[in-house]
Amino acid sequence: MKLYINEKNQKGYIHPEIYGHFSEHLGRCIYEGLFVGEDSEIPNVNGMRSDVVDALKEMGIPLLRWPGGCFADEYHWKDGIGPKETRKKMINTNWGGVLEDNSFGTHEFFELCEQLGCKTYVNGNVGSGTVQEMSEWIEYMTFDGVSPLTDERKKNGREKPWKVDYFGVGNENWGCGGNMTPEYYANLYRRYQTFVHQYDKENPIQKICCGANVDDAHWTSKVMETAFDHTPEHFHGHMDGLSLHYYTVPHVWEHKGSATDFTEEEWYLTLSKTLYMEKLIQMHGAIMDQYDPNKVIGMMVDEWGNWFDVEPGTNPGFLYQQNTMRDALVAALNLNIFNKNCDRVKMACIAQMVNVLQAVILTEGAKMLLTPTYHVFHMYKKHQGAQLLESFLETTEIGTEEHKVPNLQESVSMTKDGIILVTLANLSATDSYPVEMAFAEKRSTSVKATILSGAMDAANTFDKPETVKEEAFEDVTMNENGVSFTIPACSVISLEIC
Ligand code: AHR
């Protein structure tokens with residue numbers, strides 16, 4: 001298989017936020033997974049577990065979205081500030097009906113992001129919250145002047161305002177966020193976003209409008225038509241991003257399929273459904289182009305990943321699932337797709353970061369493990385802030401009668417340090433392939449490669465946490481025409497070429 005790379009054609013900036021993450025008040029994501037409280041025996045800094053924070057920093061987390069998801073449209077931020085003992089308790093109606101004691105709130109979220117060194121994406125409540133409530137949250141978080149709300153923030157221990165990089169005006173307002181029509185939501189968006197004031201003119205908050213579920217072109221079209229006036233003055237600053245949610249669900253919602261116990265047929269089914277992401281980006285992108293031909297508004301794929309049946313014996317409302325090499329391939333394919341569409345896709349958040357859905361980290365008490373998906377993010381991290389390079393890969397069609405996919409898929413970038421980074425996925429469950437890379441002009445002098453491989457259902461468990469891990473890949477040959485190697489079945493390779 002030949003991989004052609006034209007290092008002379010840089011095709012666009014890969015926004016680091018494409019490698020973003022999502023943490024919702026759902027199951028054991030926030031509580032236990034990230035936040036254990038100051039008095040926990042699990043080592044922590046101000047309540048944030050240190051093992052998880054260190055692993056996420058090493059992975060290169062650029063952005064974190066919080067507090068939901070469906071939870072966001074039932075979240076009232078004032079319940080989550082002030083002394084913990086007096087914080088209001090509530091039932092988490094969306095996720096398992098468990099008690100939410102609000103011990104993780106606004107201050108804790110920003111503390112976590114400060115420890116991670118990542119950008120902040122706060123999702124506001126349109127479904128059951130008022131404009132005043134949203135406007136006051138923005139003031140509490142970002143205003144540096146004199147006001148009762150800034151006094152309250154100071155009283156609660158934070159002198160200076162925080163930086164809100166992104167603010168979501170509602171979540172899934174076509175569903176759990178209020179079951180709205182696109183026209184109705186878009187008018188609410190106009191109103192709510194007006195009160196997301198820009199107190200820090202140097203660092204404006206980027207406003208994200210609720211976009212479509214999967215292939216709902218009608219939603220995209222009506223929201224783009226209605227949410228702002230199509231004049232130059234109104235265009236800028238009214239909408240910086242439009243979200244898109246697409247999960248890979250192998251079967252139907254009532255029976256999605258097991259995370260670990262699956263057939264080769266289901267392997268190809270899952271990968272082919274993942275590749276549908278590219279069509280969705282192109283389809284919604286074409287509608288956005290009608291209103292925004294210069295691609296000023298980002299497509300923010302702020303929920304993506306595998307959604308399987310929960311692990312047997314766990315709370316169905318907690319969405320806890322294992323993670324195998326199949327998840328690694330799904331992550332690799334999606335991230336390559338986002339890279340290749342970086343002219344429009346300016347952010348993406350995998351759902352979710354810890355212990356929920358396609359998590360990069362799983363925890364059990366004081367134990368923590370890195371999933372195959374974690375390793376993919378680690379192998380891809382230098383794509384963040386790089387320039388996408390033109391590439392073309394010769395492929396053949398593989399799979400089963402019903403579910404066809406290309407055998408290989410790639411993306412290539414020029415990193416900030418001038419290194420060419422190639423990330424390549426082998427979608428075959430059984431076959432390896434020889435790969436020859438050819439550059440336009442470049443004569444490579446050195447190559448450093450790592451690989452993630454294993455059986456299609458290989459997973460890390462708390463007893464064997466390193467079954468699947470990133471390893472050095474030495475079997476690479478370099479000559480004056482390029483670089484060649486054989487990519488094993490069911491694997492992801494990352495090559496850094498100087
Ligand atoms: O990630 C789980 C849920 O999926 C989110 O809360 C919601 O936005 C989506 O339906």
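Modeller: Helices here are DSSP runs of at least four residues and strands are runs of at least two, numbered from the N terminus. In this predicted model, Pro-316 lies in the loop between strand S12 (298-306) and helix H9 (325-340).

Biologist: Why is Pro-316 called exposed?

Modeller: A residue is called exposed when its relative accessible area is over 50%, and Pro-316 has 63%, so Pro-316 is exposed. The C-alpha atom of Pro-316 is separated by 16 Å from that of Phe-71, which is 245 residues away along the chain.

Biologist: How do you know that Cys-70 and Cys-176 are joined by a disulfide?

Modeller: The cut-off is a pair of cysteine sulfur atoms within 2.5 Å, and the sulfur atoms of Cys-70 and Cys-176 are 2.2 Å apart, so the pair counts as a disulfide. A search of the whole structure finds 1 disulfide. The link is left-handed, with -90° about the S-S bond.

Biologist: Where in the chain do Cys-70 and Cys-176 sit?

Modeller: They lie in distant parts of the chain, 106 residues apart, with Cys-70 in the loop between strand S5 (63-66) and strand S6 (90-92), and Cys-176 in the loop between strand S9 (166-169) and helix H5 (182-194).

Biologist: Why is Cys-70 called buried, and what is Cys-176 called?

Modeller: Buried means under 20%, and Cys-70 has a relative accessibility of 12%, so Cys-70 counts as buried. Cys-176, at 36%, falls between the 20% and 50% cut-offs and is therefore partly exposed.

Biologist: What makes H6 roughly parallel to H8?

Modeller: Helix H6 (residues 217-226) packs with helix H8 (residues 264-291) at an angle of about 20°, with their axes 10 Å apart. Angles under 35 degrees count as roughly parallel, so H6 is roughly parallel to H8. The crossing of H6 past H8 is right-handed.

Biologist: Which residues make the contact between H6 and H8?

Modeller: H6 contributes Ala-217, Thr-220, Ser-221, Met-224 and Glu-225, while H8 contributes Met-283, His-284, Ile-287, Met-288 and Tyr-291. Sorted by class, the contact of H6 with H8 has 6 nonpolar, 3 polar and 1 charged residues.

Terms used
Residues are numbered from 1 along each chain as its sequence is written. This is a predicted model: local features need pLDDT of at least 70, side-chain atom pairs count only at pLDDT 80 or more; totals for chains, interfaces and linings use all residues. Side-chain values use heavy atoms; hydrogens and water are left out. Axes are lines fitted to C-alpha atoms, for helices over the stretch in contact, and angles run from 0 to 180 degrees between N-to-C directions. Angles under 35 degrees count as roughly parallel, over 145 as roughly antiparallel, 65 to 115 as roughly perpendicular and the rest as oblique. A crossing is left-handed if the near helix is turned anticlockwise from the far one by less than a right angle, and right-handed if clockwise. Contact means heavy atoms within 4.5 Å. Ala, Val, Leu, Ile, Met, Phe, Trp, Tyr, Cys and Pro count as nonpolar, Asp, Glu, Lys and Arg as charged, and the others, Gly among them, as polar. Buried means under 20% relative accessible area, exposed over 50%, partly exposed in between (1.4 Å probe, protein chains only).
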